[in-house]
Amino acid sequence: MPIRVAQIGTGNVGVHALKALITNPEFELTGVWVSSDAKAGKDAAELAGVDTSTGVTATTDLQQVLDTKPQCVVYTALADNRLGEALEDFRRILDAGVNVVGSSAVFLQYPWQVIPPELLSPLEDAARNGNSSLFVNGIDPGFANDLLPLALAGTCQSIQQIRCMEIVDYATYDSAAVMFDVMGFGQPMDEIPMLLQPGVLSLAWGSVVRQLAAGLGLELDSVEQSHVRVPAPEDFSISAGDIAKGTAAALRFEVRGMVDGAAAVVLEHVTRLREDLCPEWPQPAQPGGSYRVEVTGEPSYALDLCLSSPNGDHNHAGLVATAMRVVNAIPAVVAAEPGIRTTLDLPLVTGRGLYARP
């Protein structure tokens, strides 16, 4: 029997998740939630760019989606700029007895000691009451900094540090809300965006270093963060809009898990809006961007993950990878014990049934 699944959000990530739910016979699409009236009433196939009608129309009413009795919901709605609303969505869905896989809010990848109890407890209580599970993942935070580094760590004799890096040109990332409102690109250098407010980096990516530490059996003394921003040398445009000279055009930050004064686990992002900016910063392994895992130990490893797609660039490939990391985990999450589940809890998701003849 296919697993009954509903889709929440049909944006940059959600559209790829929705297409998979429609085309994969392992799933039966029951409902679709959208944030705009312009999308409401449209067939899910139209929203996903699929030819065959599904008979499932989109709605802006979450309760209508829950009334379709899904076993699992794929939650890809943007949460960064509506955090309270998103957490209430999760609580409501879990309390209704419906499992959730999602790409946001990112700190739910591993929320313990990352978010305060008043935010976490309602989700844990709802999962317990609803006998349901929640799994949030993607690529970063996600498999590029939990699945891959922990797999490498499992082949070491000793480990001094694990460093996970995203080195990406965001020029083709077409989301004004993320690029301008959240990350602060194109904004005056003396304005501090949401992402760089005190403690936010450690909130968003603290889940990464906390989970890596848990996988290594480490108790962190603290989580520290730092960042550097660089202005645009001239006016130029990106997919999300215009970048004026002197406004933010490059960002480099670290979130460090500290043990005895040393950075044991590190999450680092190197983000440019043009490849010629900050040439002295780490460079990607392929044009446009890549992810890197560095394990310093015995032995040491350097792993470069290069994404590509026949349907778009590295940013497009990353959106598909984010969506499919959580969609392909649905069977494991539905079968999991109730509660917030992480990569440390779930069995290996192998891509069973996904082979497509060239």
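This is a predicted model: local features need pLDDT of at least 70, side-chain atom pairs count only at pLDDT 80 or more; totals for chains, interfaces and linings use all residues.
The largest nonpolar core holds 88 residues. Within this core, Val32, Val74, Met179, Leu195, Trp205, Leu273 and Ile330 touch the most other members. Helix H8, spanning residues 200–216, gives the most to this core, with 7 residues. A second, separate core has 29 residues. Ile93, Val100, Leu108 and Leu120 are among them.

Leu273 illustrates the packing in the largest core. Neighbours within four places in sequence are left aside here. Leu273 is then in contact with Asp169, Tyr170, Ala171, Met179, Phe185, Phe236, Ile238, Ile243, Ala248 and Ala249. One of these, Met179, is also listed with Leu273 among the core residues that touch the most other members.

An open sheet contains 7 strands, with parallel pairing. The strand order is E3-E2-E1-E4-E5-E6-E15. Strands E3 (58–59) and E15 (339–341) stand at the edges. Each has a single partner strand, so one side of each lacks a neighbour in the sheet. Inside the order, strand E5 (residues 99–102) runs parallel to strand E6 (residues 133–136), and 3 bridges join the two. Val100 has Leu134 of E6 as its bridge partner. Val100 also belongs to the second core.

Arg272 lies in strand E12, residues 262–272. Arg272 is buried but has no salt bridge. The nearest side chain of opposite charge belongs to Glu280, 6.6 Å away. The side chain of Arg272 instead reaches the backbone oxygen of Cys278, at 2.9 Å.

Note on methods
Residues are numbered from 1 along each chain as its sequence is written. Side-chain values use heavy atoms; hydrogens and water are left out. A nonpolar core is a set of buried Ala, Val, Leu, Ile, Met, Phe, Trp, Tyr and Cys residues joined through side-chain atoms within 4.5 Å. Buried means under 20% relative accessible area, exposed over 50%, partly exposed in between (1.4 Å probe, protein chains only). Helices (H or I, at least four residues) and strands (E, at least two) are DSSP runs, numbered from the N terminus. Contact means heavy atoms within 4.5 Å. Two strands pair if DSSP finds at least two bridges between them. Lys and Arg count as positive and Asp and Glu as negative; His and the chain ends are not counted. A salt bridge is a side-chain nitrogen of Lys or Arg within 4 Å of a carboxyl oxygen of Asp or Glu. A polar contact is a pair of N or O atoms within 3.5 Å; within protein, one must be able to donate a hydrogen and the other to accept it, and residues adjacent in sequence count only if both atoms are side-chain atoms.
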